[in-house]
Amino acid sequence: MDPLILGIFQYIGPNGTIGSAWQHPDDESANFTSVKHWTRLAQRFEQAKFDLLFFADSYGFPVIDDELIPAAVREGRGIPQGDPVAVIAAVAAATERLGFIVTASTTVEPPAANARRFSTLDHFTDGRIGWNIVTGSSGATAARLMGKPLIAHDERYDMADDYVELSLKLWEGSWDDDALVLDKERNVYADPAKVHMIHHEGPYFRADGVLTMPPSRQRTPLLVQAGTSGRGMQFAGKHAEVVFVAGGDPERVARNIAAIRQAAVEAGRAPDSIKILVGALFLAGATSGDARLTHERMLAMSTSEAAAAIFAGNTGVDLMSMDPDKPLTEQHTEQGLSNLQRYLGGNGTPAPTVREIIEDFRVTGINGSVFVGSGVEIADQVEEFVRITDADGFLIQPHLTPGTYDDVIEHLLPELRARGLARDEYVGDTLRERIFGVGNAHLPESHHGAKYRAGTARPGELSVGGTR
Ligand SMILES: Cc1cc2nc3c(=O)[nH]c(=O)nc-3n(C[C@H](O)[C@H](O)[C@H](O)COP(=O)(O)O)c2cc1C
């Protein structure tokens, strides 16, 4: 088994992904409004040699029937939430090697604005940035906040296809590698013959212009996707280099991972051209008794009301208004599908009742797997999970921040390292090289975005949608 890719899951807000742990005296997540909170955390993660720090994001907020859900507001769940892009320059300056992945939805800003921002971030991080491309997990509320209609689920992915296509043209096609001259004596900053206008006329977006930033170390940020609906996987198969999937039942996770690799193959790429990280919580202790105690305390801070509120915000489905003894089978939503599909049964498993769904969501949260035990016990569970699922790594979610990570560093990492399952030194300077090995700072030739590379396209070759 190869060493795992280990990332940290955070968002700019109080609480983790299960329960409202901000109330715990040792939890520091309510300091999310302080930039020093983030620089200190990033340095701690880098010292422990975690590969990357991921920031989830959404413009959504928990609402049912036009009213904010009191349980969510009271407990700080799903609201508040800040903009993760703003913190990246600070954490980049405070670290040297840690990678960063930031979520940005394809439904909020025009592609060119987002492309320039990520190009700037790639410069400021010296090639350590990734973009988690989402169509928005809480689409209905985000849309109404932006004053836009909610676009149907699958069409959001059609739009995202077009959005990414345009972004790739800007990143890959605007500047030749040697366009920057930087000759002060002759006053030649850049060679005009090597900076190109791009033209895009897609089904949803059009652009006629240039990326107004010179190429950064990775040019295109590491492309990440999260969302395992059928259409989401098809999107991932074409564009993603890394996919985040929810944890939970290993057999279901294995099916999702196999389907994502198959989607890559259908898009003409190798099955392992996509690395897959599973969202998971590790409650590691010096002994299994200690870890179990932490688990019990965590669950005591997780209420059914807040769990249902988070579920409603994510899926648009209000479990609290439904018959607790009936399953969800026929439920339809135009919001995020992954968290609904988790609970529809199938493949020989009966669909759980609404009561069971609320309880499962209360104890496993939005992304699924909870591993509890001593370092040795969790390492055993992790080996088994990876063997069944074929995952490439994990996104480690917090119960307490930073306590959960400190426990992982102290109790679990040494055991994973002893088994060759975690690295003790950083590989590669850029984030893409961290994931795909030294020498792979740019999009690979097998990625369709490579065809937009400046200086490589022949006239007429890129005529679909009008490229240059
Ligand atoms: C580990 C992990 C992290 C995620 N982070 C985000 C996020 O930050 N923002 C977001 O809108 N969706 C995020 N998602 C995806 C949502 O859960 C949701 O599935 C998706 O946005 C809707 O796509 P779908 O309909 O294909 O599921 C994440 C998923 C996983 C497994």
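## About the model

This is a predicted model, in which local features need pLDDT of at least 70 and side-chain atom pairs count only at pLDDT 80 or more, while totals for chains, interfaces and linings use all residues. Residues are numbered from 1 along each chain as its sequence is written, and side-chain values use heavy atoms, with hydrogens and water left out.

Helices (H or I, at least four residues) and strands (E, at least two) are DSSP runs, numbered from the N terminus.

The H7 and H8 crossing is right-handed, as the near helix is turned clockwise from the far one by less than a right angle.

## Salt bridges

A search of the whole structure turns up 28 salt bridges, each a side-chain nitrogen of Lys or Arg within 4 Å of a carboxyl oxygen of Asp or Glu. One of them pairs Arg-144 with Asp-66, with the closest N and O atoms 3.1 Å apart. This pair links distant parts of the chain, 78 residues apart: Arg-144 sits in helix H5 (residues 139–145), and Asp-66 in the loop between E3 and strand E4 (67–68). Arg-144 is partly exposed at 45% relative accessibility, whereas Asp-66 is exposed at 59%. (Buried is under 20% relative accessible area, exposed over 50%, partly exposed in between, with a 1.4 Å probe and protein chains only.)

Arg-261 is in H8 and Asp-390 in the loop between helix H13 (375–389) and strand E15 (393–397), so the pair ties together parts 129 residues apart in sequence. Arg-261 is buried at 10%, while Asp-390 is partly exposed at 42%.

## Cis prolines

Two proline bonds are worth a look. The peptide bond from Ile-79 to Pro-80 is cis, with omega near 0°, and Pro-80 falls in the loop between helix H2 (70–75) and helix H3 (85–94). Thr-401 and Pro-402 are also joined by a cis peptide bond, with omega about 5°; Pro-402 is in the loop between E15 and helix H14 (403–418).

## Positive phi

Asp-126 has phi near 60°, a positive value in a residue other than glycine. Its place is the loop between helix H4 (111–124) and strand E6 (129–134), and Asp-126 is partly exposed at 43%.

Asn-187 is another non-glycine residue with positive phi, near 55°. You'll find Asn-187 in the loop between strand E7 (180–183) and strand E8 (188–190), exposed at 68% relative accessibility.
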